[in-house]
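Subject: Structure handover

Hello,

Here is the structure for you to look through. My notes on what was found follow below it.

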Amino acid sequence: MKRLVPVMCLILLACACSTTRVLEEGEYRLTSNEINIKGGGDLKASQISPYIRQSAQGWTPMLYVYNWSRKDGLFHKIGTAPELFDSTSVASSISNIATHLDYLGYYRSCVQGEIIRKGKKAKVRYTIYPGKRYKIDSLSFEIPDGGTFPADFYSDSSAAVKALMGEWLSEDFLEDESVRSASVMRNLGYFDFNKNNYSFEADTLADGTATLIYRVREYSRNETEAAARTLSKYYIGNVGIKRPADFPFREKVLKDLNTIHPGDLYSEKSVNNTYSRLSSIRAFSTVAIEMTPRDSNLVDCGISISRSPQQGFKVNLEASTNSLGLFSVSPQLSFFHKNVFHGGEWLNLGFSGDFQRRPSDNARAVEYGITAGLSLPRFVGLPYSIFKGPRIPRTEINFTYNYQNRPEYNRAIIATAFGYSGTTGSRNISYQIYPLQVNFVRLFNLDPGFASSLEGNPFMRYSYQNHLDAGVGATFYYNSSTDIVPQGTYKFRRLSFDLSGNVLSLFRNMMQVNSDGAAIIAGSPYSQYVRGEYSWGKAWRYGQDDNQAVAIRLLVGAGYAYGNSSTLPFEKQFYVGGSSSMRGWQARALGPGAEIMNDTFIIPSQTGDFKLETNLEYRFNLFWKLEGALFADVGNVWNMLGDPESAGAFRINDFYKTLAADWGLGIRVNLTFILLRLDFGMQVYDPSQPEDARMVSPRNWLKGGYNALHFGVGYPF
């Protein structure tokens, strides 16, 4: 960790230098493009900025690094060169903006550009006086006669009138309408239809209104030979599905996923649904659907699929250490097969571990888990025909065995779950719903001292006992980015909840009761609780080539035990610390509330039933594939049950006094398909200390007990 001191000094030295020192006389760095809109109603600067020819250069620490030397060398290679201002780009930007304003319906706009130089920096101020706009006040249609087209078109004309009447006239708006209407027509069987079949004629009036003629042509541009068939409805002719001869895949599954059938009216929606359903199998490298007109009203469908690699391994690794010498490493290894029974079934076999050791006293804790999961490409219990859309839920069957060997006890957890998972039509929202979750938890080899401490603390004793956990659970997740390593601006939401023991409680009168008054099954009490967790996050990319980002996350979780339970099972309690949480601490080394480290546990095991945390991170490119980060974390866990006056209890009037805080530095290797991360966190506020000593002095940040180093894969959030 002492090696990070020079890095910190380097960053501080960088910030003390100029970002323009290497520029020659008459050269300027473009720092900003300012957009001032005078009037214009709902016109926004974001609609204008993409049409400015030269982007301004945002601030990044690597600008300072580049300016450490005036000659070519190491600093020039790893630093970011100043963006030299090109004054000729201003005139072309003005022309671009004026043209775009016409497209948006601001006719005869005035755009002015002013260059402001200060020292060796320059900014450009674009002042925009938007032109006049016209509202569509009158609408008439001109469409070809004959056949079924007029009736089909006029059945949709009310949607066109609703979309256009009273709206501002613009080429942008009319193009959107032509795309919308053409899509409707293709779903009604008009295979050849597209936006080129549409044209509009507008007459603007002095009172600020416009009359609009809405025309539909009989054929697409450059397709005069199709005139006879463009306005005819098409039906599906032959349908064929081709795959490599050496690719074993059951024909019935392919037919069930396909929604394009001979004799059906052609529908673009049906074609897209079939493409999405087949692509979701993941056993196919490519899915291609080709629609070929055979005569004036038939179109043949050819579906071609190719195989993707069917098997593979995934590896993940997280590691951390703190200045007191506690080292933790958490490897994960999994094997997957995407077509194990030749019908798109996914098999996942995994191994995970968490190995902790403190060399000073040879204290150690070992945890490992084995998982087996089978995912079927159908909703078991319902036929494929029930699901008409682009997504079909998958049925999930999972089994897990987890073993923990700690100095205080050994614990084994056997878990099984049955449920359904899938994504919505946008693919950005995924869900997992488990109507059945069962966990069997057994503790053994309890250390005598640990067992004695439990007897004196009923709240902890209920957490560390054999129990049965049976209930339901669900997780819903939204992420605007589908990239493995998000490259642009993105946001995410995650909501999960568990409900356990309520069904079993209906049969409580038929069960035996132990000495604590809890009903038992097979010698163990069943758990009864409700638990929920919600996280919200967003990352904003900005700067030249999106080379900087600010990311934020807010996380809140709570659990409540009732009925047959006095507290949440230990494995359902919340904790903070680690590579993706409060990074100034190791996992489970903070909280609850202002409680000091529980010396009952040789390896930290601080938990609570309420969690609140927020994280802020500034990310910036360094050089090559390297990225840097500055981050801050605030949060903790608390107990909602037990003694309300204890140091670990959550009290609404003063919980803020026990919010821990840290900050730190990070470095990442972004290889696009994977991101490797190293974060060094330092404690700023430690609520476990006496109230007058909770602020951690900067001179202690690098001392023992006040920091932690974490290795991880992927962004922390």
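**Notes on the model**

Leu 702 is found in the loop between β27 (675–685) and β28 (707–713). Helices and strands here are DSSP runs numbered from the N terminus: H or I over at least four residues for helices, E over at least two for strands. Leu 702 counts as partly exposed, because its relative accessibility is 38%. The classes are: buried under 20% relative accessible area, exposed over 50%, partly exposed in between, with a 1.4 Å probe and protein chains only. Leu 702 and Ile 136 are 566 residues apart in sequence, and their C-alpha atoms are 68 Å apart in space.

Some ground rules. This is a predicted model, so local features need pLDDT of at least 70 and side-chain atom pairs count only at pLDDT 80 or more, while totals for chains, interfaces and linings use all residues. Residues are numbered from 1 along each chain as its sequence is written, and side-chain values use heavy atoms, with hydrogens and water left out.

**Sheets and strand pairs**

Start with the open sheet of three strands in the order β1-β3-β2, where the pairing is mixed. Two strands pair if DSSP finds at least two bridges between them. β1 (29–37) and β2 (110–118) are the edge strands; each has a single partner, so one side of each is left without a neighbour in the sheet. Neighbouring strands of this sheet are turned by 20° against each other on average, direction ignored. β1 pairs with strand β3 (residues 121–129) in the parallel sense, over eight bridges. In that pairing, Glu 34 stands opposite Arg 125 in β3. Helix α4 (residues 89–103) lies across β2 and β3 and runs at about 150° to β2. Axes are lines fitted to C-alpha atoms, for helices over the stretch in contact, and angles run from 0 to 180 degrees between N-to-C directions.

Next, β13, β14 and β15. Strand β13 (residues 363–376) runs antiparallel to strand β14 (residues 394–405), and eleven bridges join them. Ala 372 stands opposite Phe 399 in β14. β14 is also joined to strand β15 (residues 410–423), antiparallel, by twelve bridges. There, Asn 398 stands opposite Ala 417 in β15. The hairpin from β14 to β15 goes through four residues.

Another open sheet has three strands in the order β19-β20-β21, with antiparallel pairing. β19 (512–513) and β21 (524–525) stand at its edges with a single partner strand each, so one side of each has no neighbour in the sheet. Strand β20 (residues 519–521) pairs with β21 over two bridges, in the antiparallel sense. Pro 525 in β21 is the bridge partner of Ile 520.

**Helix packing**

The axes of helix α5 (residues 149–164) and helix α6 (residues 171–187) come within 10 Å and cross at roughly 145°. The contact (heavy atoms within 4.5 Å) includes Phe 149, Phe 153 and Leu 164 of α5 and Phe 173, Leu 174 and Met 185 of α6.

**Single residues**

Glu 533 lies in strand β22 (residues 529–542). Glu 533 is buried, with a relative accessible area of 16%. Neighbours within four places in sequence aside, Glu 533 is in contact with Arg 494, Leu 495, Ser 496, Leu 555, Val 556, Gly 557 and Phe 574.

What about cysteines? A search of the whole structure finds zero disulfides, taken as pairs of cysteine sulfur atoms within 2.5 Å. Cys 110 is partly exposed, at 34% relative accessible area. Cys 301 is buried, at 4%.

Last, the backbone. Most residues other than glycine have a negative phi, and most peptide bonds are trans. A cis peptide bond joins Gly 591 and Pro 592, with omega about -10°. Pro 592 lies in the loop between β23 (548–561) and β24 (610–621). Asn 445 is not a glycine, yet has a positive phi of about 55°. Asn 445 is found in the loop between β16 (429–444) and α10 (448–455) and counts as exposed at 56% relative accessibility. Trp 624, also not a glycine, has a positive phi of about 50°. Trp 624 is found in the loop between β24 and β25 (626–638) and is exposed, with a relative accessible area of 68%.

Best wishes
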